Amino acid sequence: MTVWAVLAAAGRGERLGADRPKAFAKLRDRPLLAESLERLEASDWIDAIVIVAPPGWEEPSILVAEELGCAKVSACVSGGETRAESVRAGVAEVGDDAAVIVVHDAARPLLLDEVLERVLTALNEGWDGAVPALPLADTVKRVRDGQIVETLPRDALVAAQTPQAFVAPILREALTGDLAGATDCASLVEPRGRVTTVPGDPRLLKVTDASDLELVSSFL
């Protein structure tokens, strides 16, 4: 099957306090974008890549891909106001030959090939989507107006990560609907198909602030 990857890299990254979008914050001596892009390029599971760049940063994104020798990059498009809108723009550039679309956040630079294998294997087993996830270590409370109103059963909760993989037609259909409030692709696909979880990895840390960059750098 043909597997396309959409690399979502359009986040502003305001909490990083940098003078540039998050994808171009420095991870060691190169842009954050380069790490996950290079890993997608090297993976035997991925056939083609679409980059969703921060608005105005399309050309620098293409230059990063060229410097890395990323022959799989098929297109680079401008992101939208929200992550879901950015993914929709990226999926619109995915070729009609795609059987599967993998969506990954550039903000999770330590993309592991074994996690890609897990989500794709789940689709081969008949699922419409697959999400890497980690069990929660902390007790989770529901709070309203500053008051705890409920303690949620931790054993029924997981923290979702990316890369998330989906049967291409189902993801395309999901992205034609209302995207409001969608923080990941799985939440859009869940009402339309069967989505499962596979084991995630703690190294798939999402970079939000400067301390996250330091921690990710320590893993390299």
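1. Strand β6 (residues 100–105) is largely enclosed by the rest of the structure, because six of its six residues are buried; buried means under 20% relative accessible area, exposed over 50%, and partly exposed in between (1.4 Å probe, protein chains only). Strands (E, at least two residues) and helices (H or I, at least four) are DSSP runs, numbered from the N terminus.

2. This is a predicted model, in which local features need pLDDT of at least 70 and side-chain atom pairs count only at pLDDT 80 or more, while totals for chains, interfaces and linings use all residues. Residues are numbered from 1 along each chain as its sequence is written, and side-chain values use heavy atoms, with hydrogens and water left out.

3. In a regular strand the side chains alternate between the two faces of the sheet. In β6, Val100, Val102 and His104 point one way, and Ile101, Val103 and Asp105 point the other way.

4. Two strands pair if DSSP finds at least two bridges between them. Strand β1 (residues 3–8) runs parallel to β6 and is joined to it by six bridges, with Trp4 opposite Ile101. Strand β11 (residues 164–167) runs antiparallel to β6, with four bridges; here Val100 stands opposite Val167.

5. A salt bridge is a side-chain nitrogen of Lys or Arg within 4 Å of a carboxyl oxygen of Asp or Glu. By this rule there are seven salt bridges. In one of them, the closest N and O atoms of Arg83 and Asp105 are 2.9 Å apart. Arg83 lies in helix α3 and Asp105 in strand β6, so the pair ties together parts that are 22 residues apart in sequence. Asp105 is buried at 11% relative accessibility, whereas Arg83 is partly exposed at 22%.

6. Arg30, Glu35, Glu38 and Arg39 are linked in a network of salt bridges. Glu35, buried at 9%, forms a salt bridge with Arg30 at 3.0 Å and another with Arg39 at 2.9 Å. Glu35 and Arg39 both lie in helix α1 (residues 32–42), four residues apart, about one turn of the helix.

7. Helix α3 (residues 83–91) gives the largest share of the lining, three residues.
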